[in-house]
Amino acid sequence: MSFSNLKDLYKQVIMDHSKHPRNNGELSDSYKLEMLNPSCGDKITVSMKIENNIITDIKFTGTGCSISLASASMLTEELKGLSVQKANEKIHDFLNMIMGTEFNEENLEDSIALQNISQLPARVKCATLAWKITEKILEDNKK
């Protein structure tokens, strides 16, 4: 597959997640955290249920640009059913990818489509917002 075709495919994946977000909604009786990206106006809330160290359910609500909504949708699909440890590894790889540093490509699914965001500094906060929220929830859950 040519670079141009791959770029088009990634764009389609991002637009699909943005227009048809997966796991959109709110969970009751769950860990919940909202954050705002003031530079873009994105506002995302992630709610998550963790049972026996497994993310049994995860959803998000929010408003913002297509990148932030697509990224949140991808996050929920990729983390649901994972152990907290595996989720943290995936979050770490995603954040490294977005920052343009070394990451395990095999650990990411649809979110790999956001890899070129590292070349758009103004969009990095959009892409990482939901992932940083989730990282904070998992960190607070350890306490």
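Which glycine, with a positive phi, follows H2? The residue is Gly81, and its phi is near 90°. The legends below describe close-up views of a predicted model.

**View 1. Helix H2 and its end.** Helix H2 comprises residues 66-79. Its 14 residues reach 20 Å from the first C-alpha to the last, close to the 20 Å expected at 1.5 Å a residue. The helix is mostly covered, with twelve of the 14 residues buried. Beyond the helix comes Gly81, with its positive phi near 90°.

**View 2. The crossing of helices H2 and H4.** Two packed helices are described by the angle between their axes and the distance between the axes. For H2 and H4 (residues 121-142), the axes come within 8 Å and cross at roughly 35°. The crossing is right-handed. On the H2 side the contact is formed by Ile67, Ser68, Ser71, Ala72, Leu75, Glu78 and Leu79. H4 contributes Arg123, Cys126, Ala127, Ala130, Trp131 and Thr134. Sorted by class, the contact between these two helices holds eight nonpolar, three polar and two charged residues.

**View 3. The crossing of helices H2 and H3.** The axes of H2 and H3 come within 10 Å and cross at roughly 145°. Here too H2 passes its partner in a right-handed crossing. Ser71, Glu78 and Leu79 of H2 meet Ala87, Lys90, Ile91 and Phe94 of H3. By class, four nonpolar, one polar and two charged residues make up this contact. Ser71 belongs to the H2 contact set with H3 and also to the set with H4; Glu78 is likewise listed for H3 and for H4.

View 4. Ser71 is located in helix H2. Is Ser71 buried or exposed? Its relative accessibility is 0%, so Ser71 counts as buried, the cut-off for that class being under 20%. The side chain of Ser71 makes a polar contact with the side chain of Trp131 at 2.8 Å. Leaving aside neighbours within four places in sequence, Ser71 is in contact with Phe94, Leu114, Ala127 and Trp131. Of these partners, Phe94 is listed on the H3 side of the contact with H2, whereas Ala127 and Trp131 are listed on the H4 side of the contact with H2.

**View 5. The surroundings of Glu78.** Glu78 also lies in helix H2. Because its relative accessibility is 3%, Glu78 counts as buried. Which side chain does the side chain of Glu78 meet in a polar contact? The partner is Lys90, at 3.4 Å, and Lys90 is itself among the buried residues of H3. Not counting residues up to four places away in sequence, Glu78 touches Lys90, Asn107, Leu108, Glu109, Asp110, Ser111 and Trp131.

View 6. Helix H3 covers residues 84-98. At 1.5 Å a residue its 15 residues should span 21 Å, and the end C-alpha atoms are 21 Å apart, so the two values agree. The buried residues of H3 are Val84, Ala87, Lys90, Ile91, Asp93, Phe94, Leu95, Asn96, Met97 and Ile98. These residues pack against strand S2 (42-51), strand S3 (54-63), H2 and H4. Gly100 follows the helix and has a positive phi near 80°.

**View 7. Two asparagines with positive phi.** Most residues other than glycine have a negative phi. Asn23 is not a glycine, yet its phi is positive at about 55°. Asn23 sits in the loop between helix H1 (3-19) and strand S1 (31-37), and its relative accessibility of 17% is why Asn23 counts as buried. Asn53, likewise not a glycine, has a positive phi of about 70°. Asn53 is placed in the loop between S2 and S3, and at 48% relative accessibility Asn53 counts as partly exposed.

**View 8. Lys142 in helix H4.** Lys142 lies in helix H4. With a relative accessibility of 66%, Lys142 counts as exposed. The C-alpha atoms of Lys142 and Leu69 are separated by 27 Å, and the two residues are 73 residues apart along the chain.

Key: Residues are numbered from 1 along each chain as its sequence is written. Side-chain values use heavy atoms; hydrogens and water are left out. Axes are lines fitted to C-alpha atoms, for helices over the stretch in contact, and angles run from 0 to 180 degrees between N-to-C directions. Helices (H or I, at least four residues) and strands (E, at least two) are DSSP runs, numbered from the N terminus. A crossing is left-handed if the near helix is turned anticlockwise from the far one by less than a right angle, and right-handed if clockwise. Contact means heavy atoms within 4.5 Å. Ala, Val, Leu, Ile, Met, Phe, Trp, Tyr, Cys and Pro count as nonpolar, Asp, Glu, Lys and Arg as charged, and the others, Gly among them, as polar. Buried means under 20% relative accessible area, exposed over 50%, partly exposed in between (1.4 Å probe, protein chains only). A polar contact is a pair of N or O atoms within 3.5 Å; within protein, one must be able to donate a hydrogen and the other to accept it, and residues adjacent in sequence count only if both atoms are side-chain atoms. The expected span of a helix is 1.5 Å times one less than its number of residues.
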